[in-house]
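Please walk through the fold and the charged contacts of the following structure.

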Amino acid sequence: MNNHRHIPVAEPKIGERELELVSDCVRSGWVSSKGKYVNQFEQNFAEFCGVKYGVATFNGTIALHLVLAALNIGAGDEVIVPSLTFVATANAVAYTGATPIFVDSEPETWNIDPAAIEAAITPRTKAIIPVHLYGHPADMDAINAIARRHNLWVIEDAAEAHGAKYRGKPAGSLGDAAIFSFMGNKIITTGEGGVVVTDDQSLAERCFFLQNHARQPDSPYWHTEIGFNYRMTNLQAALGVAQLEQIDEFIAIRRRNAAHYMARLGDVPGLVIPPQAEWAETVYWMFAPLITPEFGLDRDTVMAKLRERGIESRPFFGCVHQMPMYDSGQSLPVAEKLSVQGINLPSGTTLSAADIDFVCDVLIEMRR
Ligand SMILES: *Cc1c(COP(=O)(O)O)cnc(C)c1O
């Protein structure tokens with residue numbers, strides 16, 4: 001029992017190349033949001049997603065706020081979101097003055113249930129924000145078909161799904177626009193950071209305009225709208241350019257780690273391995289199984305027992321529809337069950353095969 005092992009739930013891999021580009025940025029003096037790395041990062045990341053435009057932002061939450069604002073979504077509007085997501089998805093809607101409308105998850109993929117979206121649509125609905133939870137894409141054909149029928153925008157919250165694919169097409173290219181996050185525990189990091197990606201030139205231009213205090217190119221201190229300072233710094237982007245060079249390797253590591261977990265845990269009773277729909281290529285941002293009653297211990301007990309052995313884990317996100325600021329007494333049974341049963345096991349880029357074996361040994365052992 002007396003071991004000093006510490007296995008973090010997610011740790012970024014940052015090396016010499018990051019140091020080189022960030023140092024270059026510091027030496028150049030271009031540390032705010034002007035400088036070559038911002039443009040380079042925007043272009044490279046858009047290309048990675050198979051779309052034309054990227055607008056880099058200071059974090060993923062404001063990327064979502066920015067694109068909603070650019071689509072003129074605001075007070076009196078409704079935006080459909082899953083309840084089982086990081087709270088930022090709903091908060092970004094609330095920042096605009098619009099109301100987030102919560103929809104249940106589907107049992108097959110744990111993502112927003114397309115069948116439940118249609119019932120949540122009203123004359124006020126303006127957009128749907130599917131979230132690719134833990135790296136597994138949402139069922140985008142079904143969602144886009146509903147959106148087309150009702151004339152709604154579709155904005156992917158792909159904060160957890162860099163490189164995930166839906167029927168062969170990359171996350172970020174599956175709706176009208178998408179956002180990603182580059183926070184320290186995401187698949188690649190810029191420290192904090194985010195991006196809006198889209199194929200829509202006028203939407204991208206409006207995002208650039210609004211993120212820069214609605215600054216007119218020809219009269220820099222005359223503003224005709226209330227904009228924001230949501231820009232990414234060149235420092236962040238330098239880190240991002242270096243990270244993006246390695247993204248295929250980082251994703252391969254996550255898939256390999258997930259395969260290792262599944263080989264070890266696939267037939268443990270009461271431990272449900274995360275889904276991968278036949279049309280999906282998930283990137284396992286988090287290796288996220290469920291602990292069901294058959295396991296014999298509940299999720300929180302499992303987390304406590306892992307912690308005793310130096311293994312960090314996380315519970316699934318809380319259901320946002322039950323949080324005090326959004327609670328209207330709504331019941332979303334699938335999301336609620338997933339939220340209390342789900343666990344994120346160590347999933348970072350620096351995780352070793354021995355670490356995974358240790359986590360699996362501890363999990364298997366604790367059932368006895
Ligand atoms: C991380 C995350 C965000 C927000 O990203 P930040 O960069 O931390 O602001 C938004 N949505 C989801 C689903 C996330 O996981």
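A salt bridge here is a side-chain nitrogen of Lys or Arg within 4 Å of a carboxyl oxygen of Asp or Glu. The model is predicted, so local features need pLDDT of at least 70 and side-chain atom pairs count only at pLDDT 80 or more, while totals for chains, interfaces and linings use all residues. Residues are numbered from 1 along each chain as its sequence is written, and side-chain values use heavy atoms, with hydrogens and water left out.

The sheet comes first. Helices (H or I, at least four residues) and strands (E, at least two) are DSSP runs, numbered from the N terminus, and two strands pair if DSSP finds at least two bridges between them. Seven strands make up an open sheet with mixed pairing, in the order 1-9-8-5-4-2-3. Strand 1 (53-57) and strand 3 (99-103) are its edges, each pairing on one side only. From one strand to the next the twist averages 25°; axes are lines fitted to C-alpha atoms, for helices over the stretch in contact, and angles run from 0 to 180 degrees between N-to-C directions.

Within the sheet, strand 5 (residues 153-157) pairs with strand 8 (residues 177-181) in the parallel sense, over three bridges. Across this pair, isoleucine 155 stands opposite alanine 177 of strand 8. Helix 3 (residues 60-70) touches strand 1, strand 5, strand 8 and strand 9 (194-198), and its direction makes about 165° with that of strand 8. Helix 7 (residues 201-211) touches strand 1, strand 8 and strand 9, with its direction at about 20° to that of strand 1.

The structure holds 15 salt bridges. One of them joins the side chains of lysine 13 and glutamate 249, at 3.2 Å from N to O. Because lysine 13 lies in the segment before helix 1 (16-28) and glutamate 249 in helix 9 (residues 247-265), the pair ties together parts that are 236 residues apart in sequence. Lysine 13 is partly exposed, at 33% relative accessible area (buried means under 20%, exposed over 50%, partly exposed in between, with a 1.4 Å probe and protein chains only).

Arginine 167 forms a salt bridge with aspartate 141, their closest N and O atoms being 3.2 Å apart. Arginine 167 lies in the loop between strand 6 (165-166) and strand 7 (169-170) and aspartate 141 in helix 6 (residues 140-150), so this pair links parts 26 residues apart in sequence.

Methods. Contact = heavy atoms within 4.5 Å.
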